[in-house]
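Subject: Handover of a structure and its salt bridges

Dear colleague,

Please find below the structure that I am passing on to you. My notes on its salt bridges follow.

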Amino acid sequence: MSTPSDSATVLDFFVEWAADRLERDAVDPHSPLTALGLDSVKAAELMTILEDRFDTEITAEDIFDGLSLADVAALVDAGRGLEQPPASPAPGPRPGGRPRRAMDFSLLFFASDAQQHGDGRYRLLLDSARFADAHDFRAIWVPERHFHSFGGLYPNPAVLGAALATATERVRIRAGSVVLPLHHPIRIAEDWSVIDNLSGGRVDLAFATGWNADDFVLADQHYADRVERTRTGIDTVQRLWRGESVTLPNGAGEQRAVRIFPAPLQPALPTWLTCSGGVERFEMAGALGVNVLTALLFQEVDELGAKVAAYRAARARHGHDPDAGLVTVMLHTFVGADEARVRATVEGPFKRYLEDSVDLWRRGSEALDSLDAKTRAKVLDFAFERYYRNNGLFGTPDSTAAMVGRLRAIGVDEIACLIDFGIPDAEVLTGLEALAQLKRAAAQSV
């Protein structure tokens, strides 16, 4: 690409750039950049081009305020200010959709161990669980994460599930998620049956296929067929949970029918499938007749709405009640009484959290791995702005109600609030009071 000359306007230059970098045949110069599919890396590239070639600066906040290519060109050509376009209205309820119901709220944990102190790594988990138990939150979700500081506090959700079972009385205890191909299904059923007994029948499980090849040092032969192993493993765990036997070879090569002890208290295991990628996983959950656990990590709300519709259609095709399945969405969350204070509280810790996560997700990605410090800072600015405005639950009980409404409108049943991303524990616990206020208001709005 060339720098614009007399034969090409600044706008032509940026339209050509966007078409090339976003792999689009045509680009509307008046559409917001966020609507064109501009990700963090390409946003950083655009900001660098503006600084280096045109001596013009824009911020991530400008982009999320509705900046278009036409606005960018106008800034370069004339140095004019921008008028912010009106915000797009939230989508309305889906015609012919499910009956409206109160949104459930849960707490979910995925702390970066790089931000924790050894004398109290699990204090926030236990204190928050007790708060959730006392304030009628639906569940506590704990993940499975291996060999990286990002999420590294949680290598075994069953161990923490047992601790939560004895520290709480009412809240559901959920694995979010068990990476099924890393374990024998019988072992999973045994471990969680014990927790079901300890908790008085409060166990739910989400299963994931796994994605990071490094995790599979625990089961190196299972990586290639991890999706099918997840599919068959869910069936095995559910059968064992119902009291059925499964037949497998023993150490002598002889076939033996086995069932688990102790028997769980719940007659059937409430089950979720973690769906973080394409629509195929949502359709797999629908075909299996299980619930969905997902997140706004690599998708926007409208895109998720289409996947939820595909999930319910798949349930119907395979003989399951399309309205019975539950959809849970994880959102990074901090709610407080004052919008400016919330942003000031969140920004620093969340950017550090994102930086630690980038180190994990960039494995195998040359584009991210090659970023210099200045560009990396731009990527984090853009990513923070995206999460803060569109893909998280940040603000006051009043301002966050709109996100709750958007998710309810596309068929989401539960928000799993990820709260342990580096804000000091005392402030997180204080924020739970405002989150409980949002939860009560959401229940009254149905």
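Which side chain meets that of D136 in a salt bridge? The partner is R170, with 3.2 Å from N to O. A salt bridge here is a side-chain nitrogen of Lys or Arg within 4 Å of a carboxyl oxygen of Asp or Glu. D136 sits in the loop between α5 (123-134) and β2 (139-142), and R170 in the loop between α6 (157-167) and β3 (172-179), so the contact ties together parts that are 34 residues apart in sequence. Helices (H or I, at least four residues) and strands (E, at least two) are DSSP runs, numbered from the N terminus.

Please note that this is a predicted model, in which local features need pLDDT of at least 70 and side-chain atom pairs count only at pLDDT 80 or more, whereas totals for chains, interfaces and linings use all residues. Residues are numbered from 1 along each chain as its sequence is written, and side-chain values use heavy atoms, with hydrogens and water left out.

In the whole structure, 24 salt bridges were found. A network of them links R343, E347, K351, D381, E385 and R389. Within it, R343 pairs with E347 at 3.9 Å, N to O; the two residues are four apart in helix α11 (residues 339-361), about one helical turn. R343 also forms a salt bridge with E385 at 2.9 Å, N to O. This pair links distant parts of the chain, since E385 belongs to helix α13 (residues 373-391), 42 residues apart from R343 in helix α11.

A colleague
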